[in-house]
Amino acid sequence: MTSTEAVEPTAGVGTEDEAGAAGADVGARADAEVPPAPDLSGWSCPAPLRGRERIVLGHGGGGALSAELMEHVFAPAYGGRALSTLADSAALEVDGARLAFSTDSFVVRPLFFPGGSIGDLAVNGTVNDLAMSGARPAYLSCGFILEEGVELDVVARVAEAVGAAARTAGVEIATGDTKVVEAGRGDGVYLNTAGIGVIPHGVDIRPRRAAPGDVVIVSGAIGVHGVAVLSRREGLEFEAAVESDCAALGSLVADMLAVTRDLHVLRDPTRGGVAAALNEIATAASVGVVLQERAIPVPEQVASACSMLGLDPMYVANEGKLLAFVPRTEADAVLAAMRAHPLGAEAAVIGECVTDHPGMVVARTGLGGTRVVDLPLGEQLPRIC
Amino acid sequence: MCLAVPGKVLRIEERDGTRMASVDFGGVVKEVCLEYVPDLRVGEYTIVHVGFALQRLDEESARQTLELFENLGLLEEEFGDPWQAAEDAQRADDAQQEVRL
Amino acid sequence: MKYIEEFQDPLLAERLLEDIHATVTRPWALMEVCGGQTHSIIRHGIDQLLPEEVELIHGPGCPVCVTPLELIDKALEIASRPEVIFCSFGDMLRVPGTGRDLFQVRSEGGDVRVVYSPLDALTLARENPDREVVFFGIGFETTAPPNAMAVHQAARLGLRNFSLLVSHVRVPPAIEAIMRSPDCRVRAFLAAGHVCSVMGTEEYPALAERHEVPIVVTGFEPLDILEGVRRAVRQLEAGRHTVENAYPRAVVAQGNPAARAMLDEVFSTTDRGWRGIGVIPDSGWRLAPRYREYDAEHRFSVEGITTREPAACRSGEVLQGLLKPHECEAFGTTCTPRTPLGATMVSSEGACAAYYLYRRLGGTTDAPLEASIR
C-alpha cells in the first residue's frame with residue numbers, strides 16, 4: 001500500500017471539492033471597485049485548509065492529502081524505493097524470483113458490518129494488493145493491536161474471520177503479533193497485515209504500463225462496500241440490503257493471467273473509489289482516461305444511498321473489485337475469463353485510455369455531456385448542498 | 001443548497017409525540033419526520049431533506065410535466081410551433097395547480 | 001413513477017434541448033440560484049449541451065460557502081470546549097475559519113460529529129444529559145424548518161443541554177442584492193425548487209416585476225434544469241418577465257404552511273452577513289426571543305467574537321459574468337483547484353475550476369467546453 005488508512009465516521013468515500021490554501025491569506029485587491037450595493041466582487045468561497053500542523057482524518061482518505069503525506073513526510077525520510085511504490089505492492093527481486101510485498105493497516109468502525117468484518121478486510125486487503133501486481137499471494141503476517149477492556153469474544157470472532165478469509169484466499173498466516181494499549185487509546189481492535197506473493201515469469205503489471213488504446217474493465221458493481229459500512233455509521237444509519245463486497249481477488253487475477261500475461265494495470269479501487277484509482281493510474285502513466293458513465297455498474301441501493309447523502313458512487317470504497325487496463329486486442333478474452341469467475345460475473349468495459357488530457361479522468365454522462373472526475377482531496381463528507 | 005430526494009412512505013408511527021415514517025429511497029430505508037406533511041399516507045411519495053418530509057410529490061403534475069416534454073418534439077414536427085404547445089401545457093399546469101390550492 | 005429516472009431520460013432531454021436551440025436568438029445570462037442545481041449541471045454536463053447563447057452563472061446558493069467567517073470562528077470556539085458535543089452537517093467540517101477548521105478542532109480533541117439530521121443531534125442530547133450538544137444550524141429556507149423543529153422539540157421535551165448555532169439565510173434578499181449590483185448581467189433566475197417547496201412562490205412576483213427579470217422555479221434532475229432554462233429563454237425571447245413554476249410536482253404557490261408556521265414560531269428575520277459579500281438586509285433568520293436560551297451564541301457567550309473578512313479574489317465578478325475566469329491575473333498561477341483563492345475555483349462545479357479543468361483537457365479559454373468536448 002502506498003499510504004495510511006483511516007476509516008472513521010466520514011472517511012473513505014468521496015467527491016467533489018478540491019483542496020487549497022485558505023482563502024484567508026489572499027492579499028487585498030487594491031484596485032477592486034467597490035459598488036455601493038452589497039459587494040459581490042468580494043464574493044468568495046472558503047477554501048479547505050491545506051497547511052496543517054496535525055494529522056486530520058483526511059490524511060487517511062486515499063486522496064490528495066494522503067498523497068501529500070507520502071510525498072512530504074515518508075518518501076524523504078525513507079529514501080530509495082518508497083517513492084516509487086505507486087502500485088499497491090512492491091515488486092522485489094530475490095535470488096532470481098520476483099516477489100510482491102505489501103502491508104496494510106485496518107482501523108474500521110464498526111468492526112463487524114453487513115457482509116464482513118475487520119478480519120475479512122485485513123486478509124483480503126493485503127491479498128488483493130499482492131494480486132494487483134499479478135502475484136500469487138502466499139504468506140501473510142497478522143498483527144493485532146487490542147484495546148484494554150475489549151471482550152475476548154470480539155477478539156475471537158475477528159481471529160476466526162482472519163483464519164477463514166485466509167483459507168478462502170489460499171494463503172497461510174505465517175507469523176503474527178499482539179499488543180495491548182490502555183483503555184481509551186484504541187478502538188477495540190486494529191489489525192495490520194503484511195503479505196508476500198510470487199510474481200509469475202513474464203508478468204509485468206503496474207500503473208505506469210497503462211497505454212493509450214487500453215480498454216478499462218471493472219470486475220463488477222461499484223460502491224457496495226462503502227455503502228454497507230456507511231449504513232452502520234453512527235449518525236448516518238440507514239437500512240439497505242447491501243453487503244460488503246469484501247473478497248480475495250487472487251483467483252480472479254489467476255484466471256485473467258491464464259488468458260494473457262499482457263495485462264497492463266490492475267488496481268483494487270478501495271479508499272477514494274474508482275475515481276481515485278483511475279486518477280492515480282492516469283497520473284502515473286501520463287495517459288488520459290475516458291469513461292462511459294452509463295456502462296459503469298452501480299447497484300440501485302448504492303445509487304440511492306449516494307443520492308441521499310450527496311455522494312458520488314465513483315468515490316465510494318470497494319473491497320472486492322478490481323480495475324484492469326488491458327490491450328484492446330486482449331479485451332474480449334479477458335472479459336470472458338472474468339465473467340466466467342464468480343467474482344467477475346458482472347465485469348464490464350467502462351472506458352478506455354487515450355493520449356488526450358494526460359493525467360486526467362473524464363466521464364461521458366448519460367445525457368452526452370462530459371465531466372472531469374478529479375482526485376478526491378481527503379475523505380468524503382455527506383452533503384446537504 | 002438543498003439536497004432533497006424523493007422517497008416512498010412505507011410505515012408511519014408516532015414516536016415521543018412526533019410523527020415519523022420509514023421512507024424508501026430506491027431500496028434504502030431511512031427514518032423521516034412527517035411533522036411538516038402530517039397528512040402523508042403510506043404509499044405516497046414525498047421530498048425529503050435532512051430527515052424531514054417537506055412536500056408531498058404530486059404524481060399528476062409529474063405526469064403532465066413529462067407529457068409536455070414528450071409532446072414538445074412531436075408537436076414541433078407536426079405543427080412547427082413548440083411555443084404554443086408549451087403555452088397550452090403551461091395553462092393546463094396552472095389550471096391544475098389552482099385546483100390543488 | 002419514482003420521480004428520479006423519469007426526469008433523467010436522454011431522449012426527452014434531447015427534445016428540450018432542441019426546443020431551446022430553436023428558441024434562442026441572442027445571448028442570455030441565466031443564474032441558477034441553488035448550489036444543488038449547479039451540482040446537477042456539472043454532474044450531468046448540462047452546460048455543454050446548451051446553445052452557446054445560453055450562459056449559466058452559478059449563484060450564491062451554497063449555504064456552506066456563504067456562512068460568514070465570524071460564525072465559523074464562533075463554531076470553532078464552541079466546538080473546542082470539553083463539555084460540548086458539536087454536531088454538524090458533513091460539508092461544514094472543511095470550511096475554514098480564521099486559521100483552522102472543525103477537522104482541526106477534532107484533531108485537537110474536540111468532540112465534533114457529523115449527523116444527517118438535526119433530530120440526530122437532539123437524540124445525542126437525550127443520550128448525553130451530562131454534555132452540551134450544539135447543532136450548527138446552517139442553510140437556506142429548506143433547511144431552516146428541520147432546524148426549527150429541533151429547537152421546538154428540545155423546548156417541548158425540556159432538553160436544557162441542546163442549543164443551535166444559527167446561520168440561516170434566505171433567497172429572495174440575495175436575488176434582490178444581485179439585481180441591485182451595478183453591471184449585473186443576470187437576465188433570468190432559475191429559482192431553487194426545494195426552497196419553494198417550503199416557502200412557495202409568493203415572494204417572487206414582486207422581484208420579477210421590480211427588476212423585469214423572469215424567475216422560473218426549477219427542480220434538480222437534468223430534465224428539470226433543462227425545462228427551467230427552456231422557460232426562462234422563452235420568456236426572455238418574448239420580452240416577458242413573470243414567475244413560472246417548472247417544478248409543480250414538488251412546489252405549490254403557498255409552499256408548506258406547517259413549515260412556514262414553525263419558522264415564524266421559532267425564528268425572526270435579521271440582517272445577515274454573507275461570506276465574501278457582506279451584510280444583506282433582512283436576509284437571515286435568528287432564534288426568536290422566546291427561544292433565546294437555545295441560542296448557542298448566547299449560551300456560550302461567544303457573541304463578542306467578531307472577525308473581519310479578509311479581502312478575497314475576483315470570483316464575485318466571475319459570478320456576475322463580468323470577468324472570464326482566465327482574465328483574472330491569479331487564474332492558473334496562484335489560483336488553481338489545488339490552491340484555490342475563491343469559491344469559483346474551490347469546487348469542481350465552480351466556474352473557474354471548470355475553466356481550469358477544461359483548459360487542461362485541451363480546450364481554448366474562450367469556448368472551453370464547446371471546443372474540447374463536443
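# Chat about chains A, B and C

Colleague: Let's start with A:P137. Is that residue buried or exposed?

Modeller: A:P137 is buried, with 30 other C-beta atoms within 10 Å. The rule is that a residue is buried if 20 or more other C-beta atoms lie within 10 Å of its own, exposed if 12 or fewer, and partly exposed in between, with C-beta atoms placed from the backbone. Keep in mind that this is a predicted model: local features need pLDDT of at least 70, side-chain atom pairs count only at pLDDT 80 or more, and totals for chains, interfaces and linings use all residues. Residues are numbered from 1 along each chain as its sequence is written, and chains are lettered from A and ligands numbered from 1 in the order in which they are written.

Colleague: Which strand does A:P137 lie in, and what does A:P137 touch?

Modeller: A:P137 belongs to strand β5 (residues 136-147) of chain A. Leaving out residues up to four places away in sequence, its contacts are A:V127, A:L130, A:A131, A:A169, A:V171, A:G195, A:G197 and A:G250. Contact here means C-beta atoms, placed from the backbone, within 7 Å. A:V127 sits 10 residues from A:P137 in sequence and 5.8 Å away in space, C-alpha to C-alpha.

Colleague: How is chain A divided into domains?

Modeller: Domain 1 of chain A covers 87-198 and domain 2 covers 207-372; the bounds come from an automatic or database domain assignment. Their centres, taken over C-alpha atoms, are 23 Å apart. The contact takes 23 residues from domain 1 of chain A and 23 residues from domain 2 of chain A.

Colleague: Which elements of domain 1 of chain A give two or more residues to that side?

Modeller: Those are α2 (118-131), β5 and α3 (152-169) of chain A. α2(A) gives the most, eight residues. By class, that side of domain 1 has 12 nonpolar, eight polar and three charged residues. Ala, Val, Leu, Ile, Met, Phe, Trp, Tyr, Cys and Pro count as nonpolar, Asp, Glu, Lys and Arg as charged, and the others, Gly among them, as polar.

Colleague: Switching to chain C. How many helices and strands are there?

Modeller: Chain C has 17 helices and 11 strands, taken as DSSP runs (H or I, at least four residues, for helices; E, at least two, for strands) numbered from the N terminus. Of its 374 residues, 65% count as buried.

Colleague: And how many residues does chain C put into the contact with chain B?

Modeller: Chain C supplies 45 residues and chain B 37. On the chain C side, α1(C) gives the most, with six residues. That side has 26 nonpolar, 12 polar and seven charged residues.

Colleague: What about α6(C) and α7(C), at what angle do their axes cross?

Modeller: Roughly 25°, with the axes coming within 8 Å. The axes are lines fitted to C-alpha atoms, for helices over the stretch in contact, and angles run from 0 to 180 degrees between N-to-C directions. That makes α6(C) roughly parallel to α7(C). Angles under 35 degrees count as roughly parallel, over 145 as roughly antiparallel, 65 to 115 as roughly perpendicular and the rest as oblique.

Colleague: Which residues make the contact of α6(C) with α7(C)?

Modeller: C:P118, C:L119, C:A121, C:L122 and C:A125 come from α6(C), while α7(C) brings C:P146, C:N147, C:A150, C:Q153 and C:A154.

Colleague: How do α7(C) and α12(C) cross?

Modeller: The axes of α7 (residues 144-157) and α12 (residues 257-266) of chain C come within 9 Å and cross at roughly 55°, so α7(C) and α12(C) are oblique to each other.

Methods:
Contact = placed C-beta atoms within 7 Å.
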